[in-house]
Amino acid sequence: MLNIKEIHELIKAIDESTIDEFVYENEGVSLKLKKHEAGTVQVMQQAPAAPVQAQAPQAVQPQAQQAAAPAQEAPKQDENLHKITSPMVGTFYASSSPEAGPYVTAGSKVNENTVVCIVEAMKLFNEIEAEVKGEIVEVLVENGQLVEYGQPLFLVKAE
Amino acid sequence: MRSTLRKDLIELFSQAGNEFISGQKISDALGCSRTAVWKHIEELRKEGYEVEAVRRKGYRLIKKPGKLSESEIRFGLKTEVMGQHLIYHDVLSSTQKTAHELANNNAPEGTLVVADKQTAGRGRMSRVWHSQEGNGVWMSLILRPDIPLQKTPQLTLLAAVAVVQGIEEAAGIQTDIKWPNDILINGKKTVGILTEMQAEEDRVRSVIIGIGINVNQQPNDFPDELKDIATSLSQAAGEKIDRAGVIQHILLCFEKRYRDYMTHGFTPIKLLWESYALGIGTNMRARTLNGTFYGKALGIDDEGVLLLETNEGIKKIYSADIELG
């Protein structure tokens, strides 16, 4: 599956090109990028697991972000997925130290008190707990990424 | 019971100062027999206290031990909350780990965990913190602040301000803060602060502030890789520093600043922080996991975020290792 960075690069490349529509399919993932008449880019990604939170590059804001919104809304089968969101602005750490493995990955079973990641700002390390029992379906952010208040970090299939 | 009696006895000696207190007065105040008083004084002596006993006059405390102990930290502690619930151990793997366990078992705000030595002291991201010798202050303070979750990083800057002020009062040494809360003397690291939070939904359950202070280390006490970048209060002062005094002054300063913060918000803390901070108005390098940024430090914003004026505009720094100059 394409990662966010690759999608960003694709959007940028298409935005700067004369291509109106771009379709990518691989291993059940389909990505469709389409320009409106106004020349903006529309992002639609449908994955069997869950949608990637697509952040449009600045060049195509804000129209592209609005266009991206439908992609963020989970398709029907994902409606009961629980989102673990960040309670503060800070750096996302998937593990307790650079040497250690991540707290959780897609497929990990969690309960309410399982620590799933750390969000840090000004050297305050906030251990984020799942707060729901179930299985991690997708990790939406990368280690070291700056996350915003309320930004979804994980999708969990609640039991 | 035993520790309560001991605490009261120390409090009595503390109030009496240089004066003698009669055995009868002590036994009345503590509500125990004079034989029990004598036993407790014997225990204090075993801890290294020198207690003078004079017939018809009573007892007088002459000298406190240089060694860290629970009594030593309590003796003369002027706080109301911070450190009043005190957990002291000669050796712990890490005070932060013990504080976590206590916090999970409903330890009250102000609970302080202190160890003379740590066998597995750690900094952020599980980095090793050198704290094996009994010559530093290794402690963790539990807070339960009723503040919005996104404001909690401000507490790490508050802690830095309290430590700078406490060190100045205890040892007369001026220290500097490097964003967000490293404390340096002549550019060398003296204090590290690690803050960890547990929260549920939007409510803070506990904030644990771990503070490691190099107090009496001499250059040869540091491992080779730290020799050029670390120093201690004793090296700056040119004399041995009383560790219990450092703890007490920091706790008192922390209590005052914490009260200011709860009443007036972050502004008074921010002003103090900026007055102690190194490199504001000068160029610095911020190494983050998303690249290194170079620019002029403009100060911090109302959340404690470092504002760096780079060629690409003002960059907000939430997490970074800072290199000055």
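In chain B, residues 23-42 carry the UniProt annotation "DNA-binding region"; UniProt positions follow the numbering used here, feature names are shortened, and annotations may be inferred rather than shown by experiment. The model is predicted: local features need pLDDT of at least 70 and side-chain atom pairs count only at pLDDT 80 or more, while totals for chains, interfaces and linings use all residues. Residues are numbered from 1 along each chain as its sequence is written, chains are lettered from A, and side-chain values use heavy atoms, without hydrogens and water.

Residues 23-42 of chain B are 85% helix and 0% strand, and their end C-alpha atoms lie 13 Å apart. Helices (H or I, at least four residues) and strands (E, at least two) are DSSP runs numbered from the N terminus.

The UniProt feature "binding site" falls at Q118(B), R122(B), G123(B), R124(B) and K189(B). These residues belong to the lining of the second largest pocket. R122(B) sits in the loop between β4 (112-118) and β5 (136-143) of chain B.

The axes of α6 (residues 154-171) and α8 (residues 243-264) of chain B come within 7 Å and cross at roughly 135°. Therefore α6(B) is oblique to α8(B), the class left when angles under 35 degrees count as roughly parallel, over 145 as roughly antiparallel and 65 to 115 as roughly perpendicular. Contacts (heavy atoms within 4.5 Å) join residues including L158(B) and A162(B) of α6(B) to residues including I250(B) and F254(B) of α8(B). By class, this contact has 14 nonpolar, five polar and two charged residues.

Methods: Axes are lines fitted to C-alpha atoms, for helices over the stretch in contact, and angles run from 0 to 180 degrees between N-to-C directions. Ala, Val, Leu, Ile, Met, Phe, Trp, Tyr, Cys and Pro count as nonpolar, Asp, Glu, Lys and Arg as charged, and the others, Gly among them, as polar. On a 1 Å grid over the protein atoms alone, a cavity is a set of points where a 1.4 Å probe fits but cannot get out, and a pocket is an open set with protein on both sides within 12 Å along at least five of seven lines; lining residues have an atom within 4 Å of a point.
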